[in-house]
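Here's a quick walk through a protein model for anyone meeting it for the first time. Have a look at the structure, then read on.

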Amino acid sequence: RGLRGTGPILVRSIQLDEPAVHLRVLDDGTANWDIAGRDAAAPGPTESSSRGLRVELRRLGITDGSVVLEDAQIGLYASLVGLQHALSGDFSRERFAVRTRTHADATTLRFAAMPFLEGVALDLEADLDVDMASRRFSFAENELRLNDLVLRFSGSAARAGDDVALDVTFNAPRTEFAQILSLLPVVYAHDFEALETSGTFSVQGRIR
């Protein structure tokens with residue numbers, strides 16, 4: 001029915017076991033995933049090919065994955081090791097809900113040679129409301145854990161021309177000071193080996 005255009009193609013599950021992905025952007029902006037050919041003489045879309053292809057994806061799973069992103073243009077290095085991911089939603093609709101659960105044993109983030117995260121355990125629970133017609137993603141009361149620090153966030157992301165419009169608020173529901181110290185980059189860790197902590201803090205923020 002999907003090929004004849006009378007119904008969606010039903011994909012019950014896609015499972016990736018131990019995938020290793022290495023994404024690279026060179027100084028000149030060349031990306032190693034940009035492999036599609038560019039043929040100026042290619043024919044235009046026909047009536048049958050221009051019809052939207054409807055795909056209903058029930059579940060996407062990743063087990064023991066490894067993802068690395070290196071962007072030489074902006075000096076960014078990011079990696080996820082021991083990646084576990086589960087995603088489900090009805091992608092055949094224009095508006096639908098997506099449920100995601102993500103875990104990484106070790107998360108590393110370096111920008112301009114500064115280690116912001118180094119081997120940090122990550123857990124993310126995010127439920128999204130997706131509106132494909134307006135290209136808008138909304139989320140509420142989602143939770144991100146980085147080592148001992150827990151952040152809750154809500155907001156939206158939408159395409160605005162070539163840009164992405166973000167409106168996100170976040171806060172920390174638990175506020176022991178030791179949670180912040182658990183994120184210290186290893187380059188500073190030896191300065192705090194004997195440090196004893198007490199007290200609380202507050203974290204609130206907005207990204208627009």
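Let's start with Asp90, which counts as buried because its relative accessibility is 19%; buried here means under 20% relative accessible area, exposed over 50%, and partly exposed in between (1.4 Å probe, protein chains only). Asp90 pairs with Arg93 in a salt bridge, with 2.9 Å between the closest N and O atoms. Arg93, on the other hand, is exposed at a relative accessible area of 52%. For the record, a salt bridge is a side-chain nitrogen of Lys or Arg within 4 Å of a carboxyl oxygen of Asp or Glu.

Before going further, a word on the ground rules. This is a predicted model, in which local features need pLDDT of at least 70, side-chain atom pairs count only at pLDDT 80 or more, and totals for chains, interfaces and linings use all residues. Residues are numbered from 1 along each chain as its sequence is written, and side-chain values use heavy atoms, with hydrogens and water left out.

**The whole chain**

The protein chain has 3 helices and 12 strands. Helices (H or I, at least four residues) and strands (E, at least two) are DSSP runs, numbered from the N terminus. Of the 208 residues in the protein chain, 24% are buried. The chain exposes about 13900 Å², and carbon and sulfur atoms supply 54% of that area, as worked out by the Shrake-Rupley method with a 1.4 Å probe. Take the contacts between residues at least 6 apart in sequence: 51% of them join residues at least 24 apart. Contact means heavy atoms within 4.5 Å.

**Salt bridges**

| Pair | N to O distance |
|---|---|
| Asp90 and Arg93 | 2.9 Å |
| Arg95 and Asp129 | 2.7 Å |
| Arg110 and Glu118 | 3.0 Å |

Arg95 and Asp129 meet through their side chains. Arg95 belongs to strand E7 (residues 95-111) and Asp129 to strand E8 (residues 114-131), so their bridge ties together parts that are 34 residues apart in sequence. Arg95 is exposed, at a relative accessible area of 54%, while Asp129 is partly exposed at 28%. In the other pair, Arg110 is partly exposed at 30% relative accessibility, and Glu118 is partly exposed too, at 26%.

**Around His85**

Now move to His85, which sits in strand E6 (residues 76-88). Is His85 buried or exposed? It counts as buried, because its relative accessibility is 16%. The side chain of His85 reaches the backbone oxygen of Arg101 at 3.5 Å. Setting aside neighbours within four places in sequence, His85 is in contact with Leu60, Gly61, Ile62, Thr100, Arg101 and Thr102.

**The largest pocket**

The largest pocket holds about 340 Å³ of space. Of the 16 residues that line this pocket, Thr107, Leu117, Leu122, Leu144 and Leu146 are the closest to its centre. Which elements give two or more residues to the lining? They are E6, E7, E8 and strand E9 (136-146). E8 gives the most, with 5 residues. A pocket is found on a 1 Å grid over the protein atoms alone, as an open set of points where a 1.4 Å probe fits, with protein on both sides within 12 Å along at least five of seven lines; lining residues have an atom within 4 Å of a point. Grid points are joined across faces, edges and corners, and the volume is the space filled by probe spheres set on the points.

Gly75 lies in the loop between strand E5 (60-71) and E6, and it is partly exposed at 36% relative accessibility. Not counting residues up to four places away in sequence, Gly75 touches Arg110, Phe111 and Ala112. The C-alpha atoms of Gly75 and Arg110 are separated by 8.0 Å, although these residues are 35 apart along the chain.

Arg135 is found in the loop between E8 and E9. Its phi is near 55°, a positive value in a residue other than glycine, and Arg135 is partly exposed at 41% relative accessibility.

Asn147 is placed in the loop between E9 and strand E10 (149-160). Phi is positive for Asn147 as well, near 50°, and Asn147 counts as partly exposed at 25% relative accessibility.

Methods:
Polar contact = N/O pair within 3.5 Å; in protein donor to acceptor, adjacent residues only side chain to side chain.
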